[in-house]
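Please read them with the structure open.

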Amino acid sequence: MVTQPPHDDLDDEKLARQKEIEDWLPITSSRNAKWWYSAFHNVTAMVGAGVLGLPYAMSQLGWGPGVAVLVLSWIITLYTLWQMVEMHEMVPGKRFDRYHELGQHAFGEKLGLYIVVPQQLIVEIGVCIVYMVTGGKSLKKFHELVCEDCKPIKLTYFIMIFASVHFVLSHLPNFNSISGVSLAAAVMSLSYSTIAWASSASKGVQEDVQYGYKAKSTVGTVFNFFSGLGDVAFAYAGHNVVLEIQATIPSTPEKPSKGPMWRGVIVAYIVVALCYFPVALVGYYIFGNGVEDNILMSLKKPAWLIATANIFVVIHVIGSYQIYAMPVFDMMETLLVKKLNFRPTTALRFCVRNFYVAATMFVGMTFPFFGGLLAFFGGFAFAPTTYFLPCIIWLAIYKPKKYSLSWWANWVCIVFGLFLMVLSPIGGLRTIVIQSKGYKFYS
């Protein structure tokens, strides 16, 4: 008589190990978020420092195209966000907790990873680097305003000071544990956006204001236009973390997570509109094409108000950095634990996260070209993951009827997204080249 090997025990062991890993990983370890968590996580992810660059983007795009691109982006990204929320649980009994899992479902195991992961990583790591620079610059500006007689300190040191906060905060285990930081960041984004447009409005239209294109040559104008498109694309970048945020909301067949998630998204998008449109339109109206690439730099007085706004920006980008870093931590920790069979321990997490913060700090200190970086990353990776990848996945999975409303809507988004993806990195790269000519490393 042949005895069967006790493979049930093996299966149980395997399942137990899988459960242990899932309970440890940052995205799936806590699923008790409320709908308002989704609201402020989305606001923190979306309303980044990019909002302060919108008046400058308007000056590169001009009134007509500028308003059109802003409004179109708001509508298209809300639509693609809705698609992602819907697709989170389209397979009964399964949740796509991560962007790449949705990609794998649509395009196959290997191809899905190759399509989604590089783009998502470029966005998330790109944002973290840009926020290192933004945090450092805002701290520097605050220091200059508060202490005018002090000896000037290099930007490099301010970036290091900003990074020191993340060496502590990045050890919060998962999305729910950073909800307090995220709420503070969301409140700050509304606050500094309001300061930016309200203090611009109280200044009144500047005497020699001009609304024409600033560049002297046609080539310069065209490149600046492309760069402006990238700045707008960068301002709508929350899609890269939306499935990961939804993964933290509890879900049952009777009450799927898409209900509370969508409620949170609607609130977030109303806040986004309240931040973006006034800042972009009022800022450009007041300063014209002379506006700086960060509107707070154009507002010199009153010093205390601008100093306050800069500290608000710092608090906001602290929260935002954490939101974008969490999926990267998740990917790194998944790779180490599932593929390389490391034990899921606190020591492993400590090493991984400190390494990541140090790496983004180092790159931020080396290349602090804020405006150009925005446009370059904006087009290169934000446009696909935000504007058209959700549409391609939707078409691949749901296969709507040719020439139906859904079919048309998705193709319009795809074309608009491709247009952004191809054009804006060109402008951004040119800006980086121009800015880097007179640049000294770690100065």
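1. Start with the largest pocket, which has a volume of about 880 Å³. It is lined by 28 residues. Closest to the centre of the largest pocket are His100, Thr334, Leu335, Lys338 and Lys339. Keep in mind throughout that this is a predicted model.

2. Which helix gives the most to the lining of the largest pocket? Helix H13 does, with 10 residues. Helix H1 (7–24), helix H5 (99–107), H6 and H13 each supply at least two residues of that lining. By class, the lining of the largest pocket holds 12 nonpolar, five polar and 11 charged residues.

3. The second largest pocket has a volume of about 260 Å³. Its lining comprises 13 residues. Nearest the centre of this pocket lie Tyr56, Gln60, Lys214, Ala215 and Asn224. H16 provides the largest share of the lining, four residues. Helix H3 (54–61), H9 and helix H16 (405–436) each supply at least two. The classes here are four nonpolar, seven polar and two charged residues.

4. The largest cavity has a volume of about 30 Å³. Its lining is made up of Ala45, Met46, Val127, Tyr131, Phe234, Ala235, Ala237 and Tyr324. Helix H2 (35–46), H6 and helix H9 (218–235) are the elements that give two or more residues to this lining. What classes of residue line the largest cavity? Eight are nonpolar, with no polar and no charged residues.

5. Next, helix H7, which covers residues 155–169 and has 15 residues. From its first C-alpha to its last, H7 reaches 22 Å. That is close to the 21 Å expected at 1.5 Å a residue. The buried residues of H7 are Leu155, Thr156, Phe158, Ile159, Phe162, Ala163, His166 and Leu169. Why do these residues line one face of the helix? Seen down the axis of H7, they fall within an arc of 160°, so one face is what they line.

6. What do the buried residues of H7 pack against? Their partners are helix H6 (109–146), helix H8 (179–203), helix H13 (303–339) and helix H14 (346–366).

7. Helix H8 has 25 residues, which should span 36 Å at 1.5 Å a residue. Its end C-alpha atoms are 36 Å apart, so the two values agree. Buried residues of H8 include Met188, Tyr192 and Ile195. Several serines are also on the buried list, among them Ser179, Ser182, Ser189 and Ser193. The buried residues of H8 pack against H2, helix H11 (258–287), helix H12 (295–298) and H13. Just after H8, check Gly204, which takes a positive phi of about 80°.

8. Last, look at Val146 in helix H6. Is Val146 buried or exposed? Its relative accessible area is 55%, so Val146 is exposed; the cut-off for exposed is over 50%. The C-alpha atoms of Val146 and Ala307 are separated by 7.0 Å. Along the chain, Val146 and Ala307 are 161 residues apart.

Technical notes:
Residues numbered from 1 in each chain as written. Predicted model: local features only at pLDDT ≥ 70, side-chain atom pairs only at ≥ 80, totals over all residues. Heavy atoms only, no water. Expected span 1.5 Å × (residues − 1). Buried < 20%, exposed > 50% of the residue type's maximum accessible area, 1.4 Å probe, protein only. Arc of directions from axis to C-beta. Contact = heavy atoms within 4.5 Å. 1 Å grid on protein atoms, 1.4 Å probe; cavity = no way out; pocket = protein on both sides within 12 Å on 5 of 7 lines; lining within 4 Å. Points joined across faces, edges and corners; volume = space filled by probe spheres on them. Nonpolar A, V, L, I, M, F, W, Y, C, P; charged D, E, K, R; others polar.
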